[in-house]
Amino acid sequence: CPAAFAPLNVPIIVALVLPGASSLHQAVWQIINQLYNCSVIFANKNKSEGNEISDLEFAGKSAAAVATAVAVSVGTVKLGDKLGNPLVRGSAGFIGCVGAGCTTLVLMRIDELKDGVDVKDEDGTVRGKSKVAAREGIGKCCAARVLWNIPATGIAPLAYAYYQGSAFHRRFPRLALPVQATLCTVGLAAGLFPGQAVFSQTAEIDPQGLEPHLRGLQRRNGSPVQVMTYNKGL
């Protein structure tokens with residue numbers, strides 16, 4: 001459920017950006033994160049006829065998404081350790097979430113890229129399937145993921161690192177986790193909702209940029225179709 005996406009992500013984000021976390025820690029929480037993301041993407045994907053996937057396909061794509069997430073995030077942690085750069089190490093959460101999130105999105109919706117998605121005219125009539133619309137929709141969803149991850153997994157860890165060097169933290173060290181959770185929650189709210197709102201769920205597209213069979217069509221009243229719409233997905 002999209003409404004539950006933000007609150008359920010809070011503990012996941014806090015765990016992913018935990019300072020000094022081990023590679024095993026990153027791996028475990030990326031597995032949890034991507035399994036949850038796979039479920040959300042599957043539940044909110046474009047459900048045009050012919051775009052259904054079986055339980056076996058879902059399991060296979062989920063496994064591939066999890067493997068990608070673990071490889072990207074753990075690889076970033078290892079690179080940070082090798083370079084002795086805490087900034088690179090601390091970016092593992094952001095890089096893992098964005099890179100693996102976009103990979104998961106493509107894997108779970110690859111059927112749309114192969115078969116296209118339903119596009120409708122201004123009267124709400126389905127006029128056919130479009131691979132062009134499918135590519136645009138998935139591209140917009142990937143861009144939205146980059147945007148909504150910046151505050152929570154990009155800026156929040158930097159803010160927390162600054163907080164760790166403050167006199168307040170040295171005086172009240174037990175407040176470290178609540179402060180980090182607050183920063184991540186604020187970052188998630190600041191990024192997720194605007195990120196989702198950048199692109200409308202029901203997207204519009206110019207039919208002249210679609211496949212030849214979707215150009216030059218007429219509406220019920222005989223006027224030319226000027227705008228097509230399709231379900232972008234989440």
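A residue is termed buried when its relative accessible area is under 20%. By this criterion Glu112 is buried, because its relative accessible area is 1%. The model in which this residue is described is a predicted one. Glu112 belongs to helix 6, which comprises residues 110-115, and its side chain is joined to that of Arg109 by a polar contact of 3.0 Å.

The protein as a whole contains 9 helices and 4 strands. Along the sequence, these elements follow the order α-α-α-α-α-α-β-β-α-α-α-β-β. The protein has 234 residues, of which 43% count as buried. When contacts between residues at least 6 apart in sequence are considered, 72% of them join residues at least 24 apart.

Helix 7 runs over residues 131-164. At 1.5 Å a residue, its 34 residues should span 50 Å, and the computed separation of 49 Å between the end C-alpha atoms therefore agrees with expectation. Within helix 7, a kink of about 50 degrees is located at Ile150, shortly before the proline Pro151. At the start of this helix, a side-chain oxygen of Ser130 comes to within 3.3 Å of the backbone nitrogen of Val132.

The cysteine residues were examined next. A search of the whole structure returned 0 disulfides. Cys102 takes part in no disulfide, and the cysteine sulfur nearest to its own, that of Cys142, lies 3.7 Å away. Conversely, Cys142 is in no disulfide, with the sulfur of Cys102 as its nearest cysteine sulfur.

Because its relative accessibility is 43%, Pro178 counts as partly exposed, a class that lies between the limits of 20% for buried and 50% for exposed residues. The C-alpha atom of Pro178 is separated by 9.9 Å from that of Val14, although the two residues are 164 residues apart along the chain.

How values were computed. Residues are numbered from 1 along each chain as its sequence is written. This is a predicted model: local features need pLDDT of at least 70, side-chain atom pairs count only at pLDDT 80 or more; totals for chains, interfaces and linings use all residues. Side-chain values use heavy atoms; hydrogens and water are left out. Helices (H or I, at least four residues) and strands (E, at least two) are DSSP runs, numbered from the N terminus. The expected span of a helix is 1.5 Å times one less than its number of residues. The bend at a residue is the angle between axes fitted to the seven residues ending there and the seven starting there. A polar contact is a pair of N or O atoms within 3.5 Å; within protein, one must be able to donate a hydrogen and the other to accept it, and residues adjacent in sequence count only if both atoms are side-chain atoms. Buried means under 20% relative accessible area, exposed over 50%, partly exposed in between (1.4 Å probe, protein chains only). A disulfide is a pair of cysteine sulfur atoms within 2.5 Å. Contact means heavy atoms within 4.5 Å.
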